[in-house]
Amino acid sequence: MLAFLFAATLGKSLGPTSSEVILDRPRLSGPSEALDGTVISIECALPSYPRNQTILLQLYKEGNHDKLLGEFSVLHKGNASIPIFVRPKHEGNLECVAKAQGNPNIRPTVSNSHYLRVIVFGVKIDIVSDATEFFEGAKLELLCQHSVGSHVSFEWRLNGQPVSRSRYRDAHLVINRTSPEDSGFYTCVATNNFNKTQVFSANSSVFIRVKELVSNPEISFEVIKEDSHNYSAAVTCRSAKGTPPVTFSLYNRTQLLTNTTTEDREATLKLPLVLGVNADRLQCRANNGDRTVYSQWIPIEVVPVSGPVTMTYDYDMGENYAVIGLRFYCKAAAGSQPQYRWFLNETLLNDSGSFYYVVNRPPEQSILLLSVGRRSAGTYRCEVRDSFDDSSAISSKRLFVSKEVLNRLPVAAVAAVFGSFAFLVVMVSACCGFVMLFKPSSLQDSSDFGEDYDLINAARDAEFDQVRQTKKWSYCEIITTGVFFLT
């Protein structure tokens, strides 16, 4: 008896009893995507149904049987169509549970899962950014947030052109180090579609301004004559880069003298000035909102032009030693801001012409390059004045130039050449006459030779005369030839 009870109990724990029935596993099917707010039907069916038994088919989200999505009762064999009003909560894996109504001996079964994609059609987006204006080098982050729509894809554009994919991921755009070229209208384009036939797109734009940092300013000045006794210095501060507005400040050591804000990258600031007095050093400072940059220090000292004005020249020679080019140099004794002017026959020469070219190298000098010819003949002079004062002009001496004058030998030089030649001829002639008249004395006493003296003496005299004549004419020929070669 005990063995029978144990066997019965074990049989219940290991599997269904002979009176328990297991339903076939239901099959679930339906659309894979649906629009929010529409009604769709999910099909759930059993391969076979028990006789005279009502089967209840219920639709749930997978793993969540606490919330029923829909159900359908079937008495005879057939498919159950479970209607549902689609909402975003329905997205995910669905499953169908089949159970017998009122019969605990029939075990329920669960279908395979079926994924439903719910499309919230239409898109509403907004771009979120911490700032829309900042300086180059800062980080730009834009987020395209959508409050309406599901299964949305994103694309970013700058001024209508696609942004590189490396700069954004879906709705998030990041530029770690910006430059002024990153300025413009950023547009987020969000798109979703249903069944690849209905497409909805929306976009949102924001203007981002990346400002250029101002560069170190350059400083310069010019003198302005207010009246006969008063002058001022117009100090110019200029930055090559920088997004306006830019504030320029002028400092004298640590003291602020004046400042101004401009929509340009250049400003001119005026200060009173005394000529000939060494004023202090000045510096420009520039700022356009992020940092302050500095120019070099320059001294403000103006020395008036004073004379004398000297004009020198050198020249170039061509074939046959003819002068073909001249260079005139003009320089004043003093002057920190001179202005040079060249005149030919009292006609002002411009910077260049058909036969000349002016090279100004203030304040040191001015150079006039001249091609010698018929057009360049005339009287030249140079004039120097203060660039800020027309009444201070000082002129150099005048110099007449023509091709014939430049290439004519001076009378003094001709006289010197021919005089030197005549002097050499006279000296050579005197030298030759002296050599011909020269006769050396006997070197030994005749008593040493005895009776043979006359013969020996005669032979030596003849030999000596021959040698003397040879030396005499060779010497004269050498000197004469040298004179003619030199001349």
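**Note on the disulfides and model confidence**

1. At 0% relative accessibility, Cys-330 counts as buried, where buried means under 20% relative accessible area, exposed over 50% and partly exposed in between, with a 1.4 Å probe and protein chains only. Because Cys-330 lies in strand β30 (residues 323-334) and Cys-382 in strand β35 (residues 378-386), the pair ties together parts that are 52 residues apart in sequence. Helices (H or I, at least four residues) and strands (E, at least two) are DSSP runs, numbered from the N terminus.

2. The model is predicted: local features need pLDDT of at least 70, side-chain atom pairs count only at pLDDT 80 or more, and totals for chains, interfaces and linings use all residues. Residues are numbered from 1 along each chain as its sequence is written, and side-chain values use heavy atoms, with hydrogens and water left out.

3. The structure holds 4 disulfides. With the bonded cysteines of the protein numbered in sequence order, the pairing reads 1-2, 3-4, 5-6, 7-8.

4. Cys-44 and Cys-96 form a disulfide with a sulfur separation of 2.0 Å. The link is left-handed, with -95° about the S-S bond. It joins distant parts of the chain, Cys-44 being in strand β4 (residues 39-45) and Cys-96 in strand β8 (residues 92-100), 52 residues apart. Both Cys-44 and Cys-96 are buried.

5. In the disulfide of Cys-144 and Cys-188, the sulfur atoms are 2.0 Å apart. This link is left-handed, at -90° about the S-S bond. Cys-144 is in strand β14 (residues 140-148) and Cys-188 in strand β19 (residues 184-194), so the pair connects parts 44 residues apart in sequence. Cys-144 counts as buried at 3% relative accessibility, and Cys-188 counts as buried at 0%.

6. The mean pLDDT of the protein is 80, and 79% of its residues reach 70 or more; pLDDT is the predictor's confidence in each residue, from 0 to 100.

Methods
Disulfide = S-S within 2.5 Å.
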